[in-house]
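Me: Could you walk me through this fold with a few questions and answers?

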Amino acid sequence: MRRALFPGSFDPITNGHYDIIKRGVKLFDEVVVAIGVNSEKKYMFSLEERKHFIEEAFKDEPKVKVVTYEGLTIDFCKEIDAEFILRGLRNPADFEFEKAIAHTNRKLSKIETVFLLTASRTSYISSSIVRDVIRNNGDYTVLVPESVRVTSK
């Protein structure tokens with residue numbers, strides 16, 4: 001089985017994440033969306049809310065599994081037998097950042113990182129932009145899947 005791990009904080013999941021996951025299921029037998037837990041970080045949405053948003057968005061897609069994890073991503077990949085890490089790239093800055101992580105992961109393990117370019121219609125969306133729009137009472141609904149839209153902060 002070709003299993004890919006798609007790690008992130010998903011605070012919240014955006015239409016860009018959604019697009020990468022939908023395209024990832026065409027390439028892999030299973031895409032494990034892994035919500036990283038970082039006790040140092042302050043999140044807008046609880047871990048349970050973030051997990052629910054993703055599970056609800058992919059409730060009809062059996063090839064998508066949603067989990068939480070702590071620690072190094074490559075260690076978690078080994079734990080669940082994922083040979084690939086799936087990442088989305090929005091811009092050159094994302095590429096430079098993700099390239100360094102991918103090289104490090106490959107040096108420390110045999111896990112390969114697969115990059116997908118985000119769709120042009122979602123390439124400007126980031127979770128931090130969505131959080132800022134929500135904090136300022138803006139219309140964030142066009143930036144996120146339906147599962148996030150039903151919950152407002």
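Reply: Happy to. This is a predicted model, where local features need pLDDT of at least 70, side-chain atom pairs count only at pLDDT 80 or more, and totals for chains, interfaces and linings use all residues. Residues are numbered from 1 along each chain as its sequence is written, and side-chain values use heavy atoms, with hydrogens and water left out.

Me: How many residues does the largest nonpolar core have?

Reply: A nonpolar core is a set of buried Ala, Val, Leu, Ile, Met, Phe, Trp, Tyr and Cys residues joined through side-chain atoms within 4.5 Å. Those with the most contacts inside the largest one are Ile-21, Val-31, Val-33, Ile-54 and Leu-86. Its total is 29 residues.

Me: Is Asn-105 buried or exposed?

Reply: Asn-105 touches Ile-74, Ile-85 and Ile-111, leaving aside residues up to four places away in sequence (contact is heavy atoms within 4.5 Å). Buried means under 20% relative accessible area, exposed over 50%, and partly exposed in between, with a 1.4 Å probe and protein chains only. At a relative accessible area of 13%, Asn-105 is buried.

Me: Which element gives the largest share of the lining of the largest pocket?

Reply: A pocket is an open set of points on a 1 Å grid over the protein atoms alone, where a 1.4 Å probe fits, with protein on both sides within 12 Å along at least five of seven lines; lining residues have an atom within 4 Å of a point. Among the 41 lining residues, the closest to the pocket centre include Arg-87 and Glu-98. Helices are DSSP runs (H or I, at least four residues), numbered from the N terminus. With eight residues, the largest share comes from α4.

How values were computed: Helix = DSSP H or I, 4+ residues; strand = E, 2+ residues; numbered from the N terminus.
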